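Here is a short briefing to read alongside the structure. Have the sequence and the 3D view open, and start with the overall picture.

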Amino acid sequence: MNVSTNLSVENVPSPEPVCTVGPSQSCRHALVDAELNDLLYIYEELVRSRFSAITNTLKKLSIYQHELDFVTHAQRIAKDNLRYELPLDLLEDAWVSGLNLRALHSYCTFRSFKECVAKVRFDQASWREVNALHTDYIQSCGYHTVNISPCSDGRLQGLLSFILRLAPSESVFVKSYAGAMFDIEEDIANWAHRELERLSGGLPGSEERNYLKIAAYHYSSSNPGHEGCAAHGSDTNKAIESALARLNGLRAAINNTYGRGAAPEILLIGVDTDIDSICIYLPDANGDIDPDRYIDNGVLYQQSLGMDLEAARNYISDAVAKVESQSGTGQGAGKMAAGMRNLILGLLEANLSQIEFVVQYHAGRYAVIGHNERFICAGEAMNELHLRNKFYFAHLRTVEEGAAHLDVGIKIFTNLNIKHGLAVPVLVHYHYSSNVPGSRERMIARGRRVKKAIEARYPDLHARGFLNCQIAISDKAGTERCTFIEDEVKAAGH
Ligand SMILES: [Zn+2]
């Protein structure tokens, strides 16, 4: 896998948003939930403000750093602008050696993220309940669990709540991998764990329901050769084929191991990250997917704009039926099951709202179509934050395994941060389970190991203060979330 090519952060968006009607007409699709879009935009602004306030706050601090009551003054500025205080040791020596703005910038990035995690229930309260697709809808389509593996690209972090409009729940799992190349062995373990829960009565009403595995690759319609998936060298066909090969691999693995018919159902989705519209690949009667049998929701949006609600719904359902029964290229072996069809129709309809969200709030196409992440998360991601481009995620248990993904992250941040004199903030995060004795300590030890290994991999950046790693842990079973773990020396009080 070539994960280090085709990265750029400077983009000139091309002027072709999905809705191009004149100023006298409006881009209002009958199936779009405008109220939900408003609520999601308020959330987006709120989360964004926690990060965007950092730079100006630090600039202010920098002005006052040689004043007599600097520490008190600095804490007040931080409280007013960021809603939290700064670590004393980063402020106290400012009069001698100058303020370490690079370290403060990283600290604030981690701390603002922690703030988003801590306030998640409050922040998301307005839209969580009214989001389009809930657990009961997924269950009505015949699925007890949906496990989604998008690419770990920051532009797909809004996949669940924004792009697919799926309400976060106990039965929906998101685990990102570079290039959507999920780890088949780990997925078998996830599936088996869920099966065990189901068989032991932990998932009531799930007897007749199935497990659904979704892979989500991505591409850029306005700059396909450069702003697509870095893990696949911005080659969309390669991204599709690779994701599909993983899905088929998982199916084969479980069928071969546990008997034919045991395997989960699979679904492949593509995301145009410029405008957040999706492509869905339609499974046939056997559940098989063909790269040539898909439906492009951006096109459906345009074609059904201006129709009334019922007409638009019928139009979309007819379009799906037509693709499904196409002959020749991409021809499948019969029609998909009714539950799968309902799920696909639900996802398409829900995504229309996101297409219009981008039309309404981002001028039809994101201003920054490329990378604009705030930090790198290495280890295991938290699913609390649902928003585009907040962090680049490198899924790893050891740095040796995840080195290629980390290198891509460092390359992205060389452009985003180092070029501007800022350090690369790396949050090393792992989950433990308070149900498992000793798990917390083991995860802290792992965090320390990984942090050391990351610093050893980029010794030059580390030595020059351009790499700031912060370890954090969360409890899978309890309430502890994103607790920062200090270095051993620091924890022992110097
Ligand atoms: Zn990607």
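**Charge, fold and a zinc site**

The chain carries 49 positive and 60 negative side chains, with the centres of the two sets 3 Å apart; Lys and Arg count as positive and Asp and Glu as negative, leaving out His and the chain ends, and each charge is placed at NZ of Lys, CZ of Arg, CG of Asp or CD of Glu. Please keep in mind that this is a predicted model, in which local features need pLDDT of at least 70, side-chain atom pairs count only at pLDDT 80 or more, and totals for chains, interfaces and linings use all residues. Residues are numbered from 1 along each chain as its sequence is written, and side-chain values use heavy atoms, without hydrogens or water.

**Overall shape**
- The radius of gyration (over C-alpha atoms) is 23 Å, which agrees with the value near 23 Å for a compact globule of 494 residues; the globule rule is 2.2 Å times the number of residues to the power 0.38.
- Along the principal axes, the C-alpha atoms fill a box of roughly 75 × 60 × 40 Å.

**Burial**
- Of the 494 residues, 53% are buried (under 20% relative accessible area, 1.4 Å probe, protein chains only).

**Zinc site**
- Cys-151 (SG), His-218 (NE2) and Cys-229 (SG) coordinate the zinc ion at 2.0 to 2.2 Å; donors are N, O and S atoms within 2.8 Å of the metal (3.2 Å for Na, K and Ca), and water is not among the atoms, so sites may look incomplete.
- The donors follow the spacing C-x66-H-x10-C.
- Cys-151 is buried at 6% relative accessibility, and Cys-229 is buried at 3%.

Definitions and conventions
Buried means under 20% relative accessible area, exposed over 50%, partly exposed in between (1.4 Å probe, protein chains only).
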